[in-house]
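Let's take a walk through a protein model together. Have the sequence and the 3D view ready, and follow along.

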Amino acid sequence: MTKRIFRTVFLVAVSMFVASVVLFMTVLYGYFSAVRQEELKTQTDLAAQGVREGGLRYLKGLGSPNCRITWISGDGTVLYDSRSDAGGMENHLGREEVKEALKDGYGTAARSSFTLAERYLYSAKRMEDGTVLRLSAAQDSLPALFFGMWGPFCVIFALAVCLSFFLASRLAKKIVEPLNELDLDAPFTDGVYEELSPLLIRIQAQQREIGWQREELLQTSLLRREFTANVSHELKTPLQTISGSAELLAEGMVKPEDVPAFSGRIYGEAKRMIRLVEDILRLSHLDEGAKDMRWEWVDLCDLGKEAAESFSPGAKEAGVAFLFLGGPAAVFGVRPLLQGIVYNLCDNAVKYNRPGGSVCLEVKEEAGEVLLMVTDTGIGISEEHQERIFERFYRVDKSHSKEIGGTGLGLSIVKHAVKLHGAKLELSSVPGKGTKISVRFLKNGGREWSGEGIFDCKDREPGRGSRKGQDVGLGGHVQECLVQAGDGEVHDVAGDKGRGGGEGQDEADGCL
């Protein structure tokens, strides 16, 4: 770029110099020609005055003047010429300056020689007797003048070329210097050309984007290393247990009455490994966008009922009451992923609870959204852990998590599945009091829903009395859903929109 700028500046400088010289000489030549023509006119007036007083004798007495004098009759015949024999000269009536003098009293003309080496200036004046007195003077032509000054001109041109070379080199370096010193990390600094602002704005934006991508790549790399280390650790522990137990069994070092316990330990660790591998595969599938999964209308009320039926027996054994409240709430999504969201949230709510506690699963439509909410009265999550519990393999209480057989991937699967559905995940928790996790889906996913595929949650006419476990329905109708509580029984509960609560209404509100 420096060489290109240098060549351009150098050629422009030399061209400007040559053009300036030519223009200067042309203008100057024209000026001196005009001055010489004016002098020739003055000399013509003086010569005319001498002819009036002395006639031909005056002209012959001038000797060898610095200009040529010609006296011409009114019909163009040459009467006298200071340089040639008048008798052998051609008629001058057709000469431009003679015609102009005969017509206007005074005439001028300029003609170049055939060789272009000289240029002649003519000045003619009409006398009182009708004759014309003409003076002419030779002048070097512009090309002849140029070649006559060739030596000095070459010297000046050489000096101009050297000066142009020096200035062009310095100017090119000066122009490129801010570009060479440009800090791409902070392009807008002192000394930067204002004309480069659009380019620098794009560079700065690209630098930010590259920085973000670099940070994302670094974060991804760190997460992958951490994920690999966590997977290795999580697989190593059950494998060691399986290997150790199997070795003791193979060596016959286990008492017959202890064989079932060792076999159960091996079976339990194997199941844990299977769950871990399944969760890892599920997460990998979600990372890839789950493009091959089928999207359909899914009623979260159905999924809630299934979860209530599935978790109630385990919740009863742990002394935890499980309550489900809900009405028809359709979302457009992937059924297995939605099932995974409900299952993992309910599973954590039951596992991290305490005897005598409760879990409330609620599904409802609210302000243009479909709300899935799981509330428990468990151990809660301290504030410093709330930002990280959705990370892979992150556990608040690692010892307790291993005791209950968790893989550490459940909430991470929930986060990815929620993100895939364009939903919003909310968490609120108080240590020692409990946790509430909410998932907000766009109502109907922005699509029209005909109601097909909805069952197990059916409309019932309003007017029925409130009972324990009632939930407010939708559209002015009472919604009937199956609810399982901590006693292991399946309850058919309903609620009436807009009616006052009783005991059932209070319990429904406590689920929020």
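Where is phenylalanine 24 found? Phenylalanine 24 sits in helix 1, residues 2-54.

## Before we go on

This is a predicted model, where local features need pLDDT of at least 70, side-chain atom pairs count only at pLDDT 80 or more, and totals for chains, interfaces and linings use all residues. Residues are numbered from 1 along each chain as its sequence is written, and side-chain values use heavy atoms, leaving out hydrogens and water.

## The whole chain

The protein chain has 13 helices and 15 strands. Those are DSSP runs numbered from the N terminus: helices are H or I with at least four residues, strands are E with at least two. Of the 512 residues, 37% are buried. Buried means under 20% relative accessible area, exposed means over 50%, and partly exposed is in between (1.4 Å probe, protein chains only).

Together with Leu28, Tyr31, Phe32 and Val35, Phe24 makes a nonpolar surface patch of about 500 Å². Patches take residues with over 30% relative accessible area and no salt bridge; like charges are joined within 9 Å and nonpolar side chains (Val, Leu, Ile, Met, Phe, Trp, Tyr) within 5 Å. A salt bridge is a side-chain nitrogen of Lys or Arg within 4 Å of a carboxyl oxygen of Asp or Glu. Accessible areas come from the Shrake-Rupley method with a 1.4 Å probe, and for residues only the protein chains shown count as cover.

Now find the open sheet of 5 strands, in the order 7-9-10-12-11 with mixed pairing. Strand 7 (321-326) and strand 11 (424-430) are at the edges with a single partner strand each, so one side of each has no neighbour in the sheet. Two strands pair if DSSP finds at least two bridges between them. Strand 11 and strand 12 (residues 434-442) run antiparallel, joined by 7 bridges, and leucine 425 stands opposite valine 439 in strand 12.

Helix 9 (residues 335-351) lies across strand 7, strand 9, strand 10 and strand 12. Contact here means heavy atoms within 4.5 Å. Helix 9 runs at about 25° to strand 10; axes are lines fitted to C-alpha atoms, for helices over the stretch in contact, and angles run from 0 to 180 degrees between N-to-C directions.

Which residue sits in the loop between strand 9 (358-366) and strand 10 (369-376)? That's alanine 367, and its phi is near 50°, a positive value in a residue other than glycine. Most residues other than glycine have a negative phi. Alanine 367 is exposed, with a relative accessible area of 76%.
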